[in-house]
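Biologist: I would like to go through this model feature by feature, with the rule stated before each case. Please start with strand pairing.

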Amino acid sequence: MAGESFKERIRQEIIKEAKRYKEIYVDYEYLICSEAFVKRNYYIVNAEKDNFQHLTGVHSKISAQEFFDKCLDGSLSGLDFDFIKKGQDEKSVKGTVRRKIRALPEMMELFREGLQAEEGFKKNKVVCSFAAADSNCTLGFTDSAKARPKSLIWGNELKKPKPADLVLKRKAGAELFDEVVVGSREALNHYREQIEGIVDKVLLQ
């Protein structure tokens with residue numbers, strides 16, 4: 001059946017991208033600075049394992065944590081998820097899942113030169129503290145002390161984008177950001193006052 005082959009393809013893609021999600025988003029935190037940000041000087045992105053399932057668009061009866069663990073060890077089966085959501089027909093849910101699965105690999109490459117940002121991002125009923133995007137996908141984040149991935153959309157949906165001038169990285173749980181992902185010496189100097197308490201002094205020398 002075509003439905004089964006679609007489900008199997010989705011299963012394989014989810015498992016493949018879960019490993020990358022852990023390596024990129026769970027194992028590290030990111031500091032983002034942009035002239036787009038007015039409410040805060042910067043945002044710190046900190047993804048958890050239980051954010052992953054929502055980004056795939058599928059419905060599951062197991063917990064989001066168990067869903068991710070099964071993706072990670074490759075044991076996720078077709079019985080662990082479906083395309084049934086209240087108030088939506090299965091065809092539209094599958095369409096949403098298809099777009100999100102297409103965007104997942106792009107999300108893994110998001111933090112690089114050319115990244116754009118927008119504070120107070122809204123799309124339909126989804127409201128985010130901010131969103132980051134490139135030409136391939138938009139990732140919206142929760143409004144919390146550390147921003148968590150909330151909504152993944154195919155394509156660039158930002159309405160008033162501004163460049164992400166600086167993206168720094170640290171291992172999850174570390175105290176200081178010690179790696180520059182995006183940004184120049186000028187950008188570091190420009191945002192120095194806002195970030196110097198949480199950035200390795202070596203970067204600011």
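Modeller: Two strands pair if DSSP finds at least two bridges between them; helices (H or I, at least four residues) and strands (E, at least two) are DSSP runs, numbered from the N terminus. Here A117 has A132 in β6 as its bridge partner. That bridge belongs to the antiparallel pairing of strand β3 (residues 116-119) with strand β6 (residues 130-133), which has four bridges. This is a predicted model, in which local features need pLDDT of at least 70 and side-chain atom pairs count only at pLDDT 80 or more, while totals for chains, interfaces and linings use all residues. Residues are numbered from 1 along each chain as its sequence is written, and side-chain values use heavy atoms, with hydrogens and water left out.

Biologist: Which residue in β9 is the bridge partner of Q116?

Modeller: The partner of Q116 is P163. Strand β9 (residues 162-171) runs antiparallel to β3, and two bridges join them.

Biologist: How do I read the aromatic pairs?

Modeller: A pair of aromatic rings is described by the distance of the centres and the angle of the planes. Rings of Phe, Tyr and Trp (its six-membered ring) pair if their centres lie within 6.5 Å; planes under 30 degrees apart count as stacked, over 60 as edge-to-face and the rest as tilted. The count by this rule is 13 aromatic pairs. One of them, F6 with F83, is tilted, at 5.3 Å centre to centre and 50° between the planes. F6 lies in helix α1 and F83 in the loop between α3 and α4 (90-107), so this pair ties together parts 77 residues apart in sequence. F6 and F83 are both buried, where buried means under 20% relative accessible area, exposed over 50%, and partly exposed in between (1.4 Å probe, protein chains only).

Biologist: Why is the pair of F130 and F141 stacked?

Modeller: The ring centres of F130 and F141 are 4.7 Å apart and the planes are at 10°, so the pair counts as stacked. F130 is in strand β6 and F141 in strand β7 (residues 137-141), so the pair links parts eleven residues apart in sequence. F130 and F141 are buried. There is also an aromatic cluster formed by Y21, Y25, Y30, F52, F68 and F111.

Biologist: What about the nonpolar core?

Modeller: A nonpolar core is a set of buried Ala, Val, Leu, Ile, Met, Phe, Trp, Tyr and Cys residues joined through side-chain atoms within 4.5 Å. The largest one has 47 residues, and Y21, Y25 and M107 have the most contacts inside it. Helix α1 (residues 2-26) gives the most to this core, nine residues. Another core, apart from that one, has 14 residues, including L166 and I198.

Biologist: Which residues does Y25 touch, not counting residues up to four places away in sequence?

Modeller: Contact means heavy atoms within 4.5 Å. Y25 touches R20, A47, M107, M108, L110, F111 and L139.

Biologist: How do I see which side of a helix is buried?

Modeller: An α-helix has 3.6 residues a turn, so residues three or four places apart point the same way. In helix α3 (residues 64-73), the residues F67, F68 and C71 are buried. They cover an arc of only 95° around the axis (from the directions from the helix axis to the C-beta atoms), which puts them on the same side of α3. After α3 comes G74, with a positive phi near 80°.

Biologist: Where is N124?

Modeller: N124 is in the loop between β4 (122-123) and β5 (126-127). Phi of N124 is near 55°, a positive value in a residue other than glycine. N124 is exposed, with a relative accessible area of 74%.
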